[in-house]
Structures are given as structure tokens and as C-alpha cells.
Amino acid sequence: MKPDDATSVPPRFGIQESFEVIEQPSEQRFSDRFYETMFSRFPELKDKFTGVILAHQGALLMSALGVIAQSNGKVRPSVAEYLKVLGHRHHHRGIDADDYAKFEAALLETLESYLGNRWTDDLERQWQNAIQSATEMMLLGHRDGQVIY
């Protein structure tokens, strides 16, 4: 079964339940589809991934999304620190602050496409809020060039 072939949506299908779907093995991993979407919509970002092993990066992406989904938009202190470190690392990899909006757009588009009929306005709001909260924390770490991790 492809991820977007489900015919019914459970009564409570929120961010955590949707993460459980995208982390399951399937014909095409969520992370692979995400990078395809991001690079097709924003080809200028591909150069920023030169030398990056996308399978490894995809595993890191899924780990970060798992933390974000578990937090469900409520950024706990330990999660905030993790996200700041992540933002700091992205800064040193040459990811610009302006690139975060492109990442968010590609991520939401991929979630919608991957989840198919399980994607609702409510689920979109949940992911949007969670991603924006995470991005705000990452940008704090991104801007702080003095932090050493």
C-alpha cells in the first residue's frame, strides 16, 4: 500500500498520528520525497547539499520531525536547546535564514502529498504551528554565531 492510498481517516488523526504514518517503511521514503520536492521547487538549494549523503540527512530529518511531532508545537526547554543546536549547525553548513521558509513550504507540500486524503485543514494547522515553533528556535541558534556545540 502506498502512503496516500488509505481510504479512511481515524477519528483523531493529528500530528503524532501523521508522523507515525510518514515514518513507516514504504515504496518511497518520506524523506526521499521531501528532498525531491524541495529541490524541484527550489533548485538553488541543491548546491547547499553538495557532499551530503541524502540517506543520512533523511534519517536526521526524520529524527527532527519526530521530536517536533512529539512536542506538538509546545517547545520544551530540552527540545528548544536541540533545535538551537540544529540551527547553529545549519548556519555553519551555509543554510541562510531565508532558506527556512523554502524548507517549510516544501515540507508542508510533501506532508500533504504523502498523507493524501488524511491531510486536513486541522492537520495542516498543527504541522504549520509545530514547524514554525521549531523554526523560530532554529533561527535563534542560527543567528548565534558564538554558540559552540
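The model is predicted, so local features need pLDDT of at least 70 and side-chain atom pairs count only at pLDDT 80 or more, while totals for chains, interfaces and linings use all residues. Residues are numbered from 1 along each chain as its sequence is written, and side-chain values use heavy atoms, with hydrogens and water left out.

Here is the whole protein in brief.

| Property | Value |
|---|---|
| Buried residues (under 20% relative accessible area, 1.4 Å probe, protein chains only) | 43% of the 149 residues |
| Accessible surface (Shrake-Rupley, 1.4 Å probe) | about 8,400 Å² |
| Carbon and sulfur part of that surface | 52% |

Among contacts (heavy atoms within 4.5 Å) with a separation of 6 or more, 79% join residues 24 or more positions apart.

Now to one helix pair. The axes of α5 (residues 99-115) and α6 (residues 121-143), lines fitted to C-alpha atoms over the stretch in contact, come within 11 Å and cross at roughly 150°, on a scale from 0 to 180 degrees between N-to-C directions. That angle makes α5 roughly antiparallel to α6 (over 145 degrees). The crossing is right-handed, meaning that the near helix is turned clockwise from the far one by less than a right angle.

On the α5 side, the meeting residues are Y100, E104, L107, L108, L111 and L115. Their partners in α6 are L123, E124, W127, Q128, I131, Q132, T135, M138, L139 and H142. Together these residues divide into ten nonpolar (Ala, Val, Leu, Ile, Met, Phe, Trp, Tyr, Cys and Pro), two charged (Asp, Glu, Lys and Arg) and four polar (the others, Gly among them).

Conventions. Helices (H or I, at least four residues) and strands (E, at least two) are DSSP runs, numbered from the N terminus. Angles under 35 degrees count as roughly parallel, over 145 as roughly antiparallel, 65 to 115 as roughly perpendicular and the rest as oblique. Buried means under 20% relative accessible area, exposed over 50%, partly exposed in between (1.4 Å probe, protein chains only).
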